[in-house]
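Let's read a structure together, taking charged pairs one step at a time. Have a look at it before we start.

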Amino acid sequence: QLQLVESGGGVVQPGGSLRLSCAASGSTLADYTISWFRQAPGKEREGVSCISTKGGTTSYADSVKGRFTISRDNAKGTVYLQMNSLKPEDTAVYFCAAVFAPITSLVTMTESMYDHWGQGTQVTVSS
């Protein structure tokens, strides 16, 4: 059973950077498409970024394009989200999620397709 653990959240000033990590265990990360989602207080959870199993295809929400970069190291069983030029509106709990996709280069941020979730890590952007 795949388990996901996020880390790297914290408090940062506007314009700063953070790198989130999503560590996988219990199954082969390379068989899973991984996405990052976030949920701000009082708002619905939204997709932020997605990466295919081998990392060849990525997708980003319009609100983070050009500022966030998703990557993965399957050998280390970890997916990363580099977040630069952070804004107060990026404040949220960030979750990584996985969907089993060993054959296709699936890239989707449709939340209902994901059946493995981490517990989340808080990111706060504030001066």
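A: This is a predicted model, where local features need pLDDT of at least 70 and side-chain atom pairs count only at pLDDT 80 or more, while totals for chains, interfaces and linings use all residues. Residues are numbered from 1 along each chain as its sequence is written, and side-chain values use heavy atoms, with hydrogens and water left out.

Q: How many salt bridges does the structure hold?

A: Here's the idea: side chains of opposite charge can pair when their charged atoms come close. To count, a side-chain nitrogen of Lys or Arg must be within 4 Å of a carboxyl oxygen of Asp or Glu. This structure holds five. In one of them, K65 and D62 meet at 3.2 Å, N to O.

Q: Which residue forms a salt bridge with R38?

A: That's D90, with the closest N and O atoms 2.9 Å apart. D90 sits in the loop between β8 (78–83) and β9 (92–100) and R38 in strand β4 (residues 32–39), so the pair ties together parts 52 residues apart in sequence. Strands here are DSSP runs of E, at least two residues, numbered from the N terminus.

Q: Where does R67 lie, and what does its side chain meet?

A: R67 and D90 meet in a salt bridge at 2.7 Å, N to O. R67 is in the loop between β6 (58–60) and β7 (68–73), 23 residues from D90. A network of salt bridges links R38, E46, R67 and D90.

Q: Is D90 buried or exposed?

A: Buried means under 20% relative accessible area, exposed over 50%, and partly exposed in between (1.4 Å probe, protein chains only). D90 is buried at 0%, and R38 is buried at 6%. R67 is buried too, at 11%, whereas D62 is exposed at 66%.

Conventions:
Helices (H or I, at least four residues) and strands (E, at least two) are DSSP runs, numbered from the N terminus.
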